[in-house]
Amino acid sequence: MGGTETHRSQGPTLGFLSLPDSMPSAFRRICGILGAYLLGSAGCLLGSEGTGFVGLVNKDGVWWFTAPDGRPFLSVGANHVEGLYWQSPNNREFVRQTYGPDLVSADGQIKEGGEAAKKWATNVARSFEGAGFNTFGFHNPLSPSLRLASKAYYVVELDLRTPWGWNMTRPQLLQAMRRRPTDIFSETFRRSVEANAVESVTPRAADPMLLGYAYTDGPPWTVSDGPDSAAVKKLSAAERVLHPWCLALMSLPANSAGKQAWLTLMKTRYPTAEKAGATYGRPSATWESLGADKDWLTLSDPRQAAADSVAFLDVIMRRWYSMRHAAIRKHDPHHLILGDKLNMGRDHRYPLELARSLEAMQPYVDVINIQYYAPAEEQVKTLSLLHRLSGKPILNGDTACNPLWEDNPATHTAFYEKLGRTYADHVTQLFALPYFIGWHHCGYIRGLRKPYLEALQKGDTKTAKSYEDARHTYREGFFTELEEPITPLLAPLSQALRESEQVHAGAKGK
């Protein structure tokens with residue numbers, strides 16, 4: 001990515017309210033940015049020329065991806081273009097007749113190298129690109145046949161084994177972190193990051209069709225306690241106050257890298273071990289005893305402990321992003337880094353925590369990559385905040401207007417016509433933002449979801465019924481299981497996609 005980047009500083013104000021000089025600088029900066037969000041502020045400028053790789057450009061105040069030849073474009077993608085959706089009881093006979101018996105291997109993947117896979121990839125690429133999509137997004141298996149048949153860009157997910165799920169509550173995250181503390185400061189973790197980069201980055205470092213590298217789903221930089229208040233009440237004082245990842249590393253043995261990182265931070269925050277220990281109910285503590293302590297249940301000063309946790313989480317986040325950035329750049333100096341897919345449905349409810357996470361990742365990602373399913377009006381407001389906090393362009397890497405679709409498009413035409421208009425309106429509103437450069441839908445073909453399909457195959461009627469009762473048996477998608485376009489839905493969306501670059505260009509000056 002070529003060019004230079006210029007920031008205009010944000011003043012230390014929250015709206016018209018001046019902030020005292022004694023306030024911590026990080027908090028003053030966050031408040032200043034939030035104030036700028038409310039009142040309007042300057043953005044960030046970056047220029048780029050054709051480099052042979054996908055890049056970024058800010059042209060007259062409007063952000064774009066740039067093609068390898070320098071041409072500006074918007075990324076319009078779909079996720080989950082997976083062989084799974086050609087293995088449903090509903091389309092088994094269609095697949096056999098269309099592709100023969102050799103499309104899918106015994107492990108459920110597309111059987112690469114044969115004529116069946118070649119025909120499948122040709123059909124998918126034709127439909128995909130014909131509908132207006134130009135990027136295979138997150139959660140795609142990167143089929144070699146499909147890559148060869150298609151002219152679309154693609155996203156690589158650098159998938160490390162992490163303990164979090166995309167929308168875990170605090171009790172769930174605590175349990176997951178207890179099982180796998182994930183010592184991000186350890187040599188073992190550093191080697192896993194490097195091995196991941198060698199395996200997934202090196203083979204693609206020269207590919208001009210790579211949109212960029214993405215990380216995980218919904219990292220826990222904000223923690224939702226969820227509706228189960230009874231579960232939260234059962235937690236210890238430390239579990240209710242400290243971030244689950246911080247608590248997990250605090251609870252490691254004294255000689256672990258994570259525990260030593262926590263102690264190092266504590267020594268910068270407290271003049272003595274005794275004062276540090278007093279916060280955690282250990283008034284006569286030494287640094288050695290704090291290092292040896294693995295059981296944290298009570299807190300004497302929850303407020304101070306919470307501040308310690310915030311500071312340690314900041315260290316963890318910066319370590320996470322800097323380490324991954326370094327591993328990628330060691331093998332690939334050119335391609336964009338998209339970072340984690342942030343769970344904005346949760347994160348937007350915690351603006352200060354969100355601001356801290358964006359500040360931590362800002363030097364190490366090129367695009368703010370999110371997952372967001374909210375109405376367009378809500379997204380517009382949140383995306384404005386994201387851009388002002390980060391100065392970066394934004395990609396919604398996983399979205400859908402409504403996950404609860406009617407199962408049979410042929411008999412619910414009116415529903416799909418309305419849904420199609422909603423999708424077209426979403427795309428138009430979002431691409432009218434000068435910093436919104438990508439829209440990736442959570443599904444391409446409308447097929448049975450993996451856990452529901454597995455429950456049917458196992459005869460697990462209880463699990464299958466839970467999906468049926470929730471009307472959540474199908475993945476969202478624009479084509480039926482027989483690869484037929486859902487025209488009432490797809491027609492208005494495709495028209496909006498064809499007009500999206502013109503709409504986006506009109507964002508100049510906004």
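Colleague: What is the volume of the largest pocket?
Modeller: About 1300 Å³. A volume here is the space filled by probe spheres set on grid points, joined across faces, edges and corners. This is a predicted model, where local features need pLDDT of at least 70 and side-chain atom pairs pLDDT 80 or more, while totals for chains, interfaces and linings use all residues. Residues are numbered from 1 along each chain as its sequence is written, and side-chain values use heavy atoms, without hydrogens or water.

Colleague: What makes a space a pocket or a cavity?
Modeller: Both are sets of points on a 1 Å grid over the protein atoms alone; a pocket is open, with protein on both sides within 12 Å along at least five of seven lines, while in a cavity a 1.4 Å probe fits but cannot get out. Lining residues have an atom within 4 Å of a point.

Colleague: Which residues lie nearest the centre of the largest pocket?
Modeller: His 80, Glu 82, Tyr 85, His 139 and Arg 475, out of 44 lining residues. The lining divides into 17 nonpolar, 14 polar and 13 charged residues. H18 (450–458) is a helix, and H18 gives the most to this lining, with five residues.

Colleague: How many cavities of 30 Å³ or more does the structure hold?
Modeller: Five. The largest cavity has about 60 Å³ of space. Among the residues lining the largest cavity are Val 81, Phe 136 and Arg 147. Its lining counts five nonpolar, two polar and one charged.

Colleague: Why is Leu 482 called partly exposed?
Modeller: Buried means under 20% relative accessible area, exposed over 50%, and partly exposed in between (1.4 Å probe, protein chains only). Leu 482 has 35%, so the label is partly exposed. Leu 482 lies in the loop between helices H19 (461–469) and H20 (487–498).

Colleague: What is Leu 482 in contact with, leaving aside neighbours within four places in sequence?
Modeller: Asn 90, Asn 91 and Phe 94. Contact means heavy atoms within 4.5 Å.

Colleague: Which residues of helix H6 are buried?
Modeller: Phe 189, Val 193, Glu 194, Asn 196, Ala 197 and Ser 200. They cover an arc of only 155° around the axis, so they sit on the same side of H6. The arc is that of the directions from the helix axis to the C-beta atoms. Thr 188 and Glu 199 are exposed on the other side.

Colleague: What do the buried residues of H6 pack against?
Modeller: E10, strand E11 (210–217) and helix H13 (302–331). Helices (H or I, at least four residues) and strands (E, at least two) are DSSP runs, numbered from the N terminus.

Key:
Ala, Val, Leu, Ile, Met, Phe, Trp, Tyr, Cys and Pro count as nonpolar, Asp, Glu, Lys and Arg as charged, and the others, Gly among them, as polar.
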